[in-house]
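Hi,

Here is the structure I promised to pass on.

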Amino acid sequence: YVLKGKITDENGNAVPYANIKDKTRNNVTIADTAGRFSLRSGDSSITAMASATGYDPKSFSLNKDMQPTIALNKRGAELNEVVVTGLGQSKRHKKSVSASRASNGKVAGVQITSDSSRPSGGWEKFDQYLKENTSPIYNENNERLTGEVFLSFTINKKGRPKNIKVLKSSCEDCEEKAIQLLENGPGWTGNENKQETVVIKF
């Protein structure tokens with residue numbers, strides 16, 4: 001079955017590139033620029049979860065006979081987030097708007113909502129690093145895993161990530177690899193000891 005719907009904010013404006021996950025089977029898809037999505041499932045009716053940077057996640061029902069519009073509520077307190085989606089495999093350019101500023105991702109698959117910190121060498125170098133060092137992760141049934149891992153970190157004097165912690169994860173088997181990608185990747189430029197957040201999607 002192909003289950004469809006649309007993600008908006010509380011004012012009815014489309015929320016582009018929202019993440020939609022089948023809570024039972026852990027299938028994941030991403031909404032397009034108009035907030036519309038299609039999620040393939042072996043079930044005709046499922047419970048799904050929608051999430052997007054700057055919004056509270058929301059559970060909702062999906063079935064083959066309806067195409068619901070799901071309204072997400074903006075978070076009361078926004079994190080400064082650097083979001084890496086699709087691990088460089090997406091070819092879409094993305095834009096995110098926070099309460100006080102907007103910043104464009106300059107390379108495919110990268111969405112930036114913090115303008116205070118960035119990888120040394122720029123986002124293209126970081127994106128290329130992900131492409132070259134990320135491999136699929138499979139479970140014991142040889143099924144490819146999908147999900148996202150929220151990592152928090154601070155920057156030391158040498159520009160290396162430190163105090164890396166998993167804030168939230170929808171793929172426990174992906175957590176170790178996500179931490180390794182951040183630890184072994186390019187250094188960062190930004191304010192020393194400032195808390196930052198990275199979301200890596202598999």
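Below is what turned up, starting with the ground rules.

This is a predicted model, so local features need pLDDT of at least 70 and side-chain atom pairs count only at pLDDT 80 or more, while totals for chains, interfaces and linings use all residues. Residues are numbered from 1 along each chain as its sequence is written, and side-chain values use heavy atoms, with hydrogens and water left out.

Salt bridges first. The criterion is a side-chain nitrogen of Lys or Arg within 4 Å of a carboxyl oxygen of Asp or Glu. Searching the whole structure gives two of them. One joins Asp43 to Arg25, with the closest N and O atoms 2.9 Å apart. Asp43 sits in the loop between strand S4 (36-40) and strand S5 (45-51), and Arg25 in the loop between S2 and strand S3 (28-30), so this pair ties together parts that are 18 residues apart in sequence. Strands here are DSSP runs of E, at least two residues long, and helices are runs of H or I of at least four, numbered from the N terminus.

For accessibility, buried means under 20% relative accessible area, exposed means over 50%, and partly exposed is in between (1.4 Å probe, protein chains only). Asp43 comes out partly exposed at 26%, and Arg25 is partly exposed too, at 42%. The other salt bridge is between the side chains of Lys64 and Asp65, at 3.3 Å from N to O. Lys64 is partly exposed at 45%, whereas Asp65 reaches 62% and counts as exposed.

Next, helix H1 (residues 123-133). Its buried residues include Trp123, Phe126 and Tyr129. Viewed down the axis of H1, the buried residues fall within an arc of 155 degrees (taken from the directions from the helix axis to the C-beta atoms), so they line one face of the helix. Exposed Glu124 and Glu132 are carried on the face of H1 turned away from that buried side.

Asn19, in strand S2 (residues 19-22), is buried at 6% relative accessibility. Leaving out residues up to four places away in sequence, Asn19 has contacts (heavy atoms within 4.5 Å) with Val28, Met49, Glu148 and Lys201, among others. Glu10 lies in the loop between strand S1 (2-9) and S2 and is partly exposed at 42%. Glu10 and Lys74 are 64 residues apart in sequence but 7.8 Å apart in space, C-alpha to C-alpha.

Cheers
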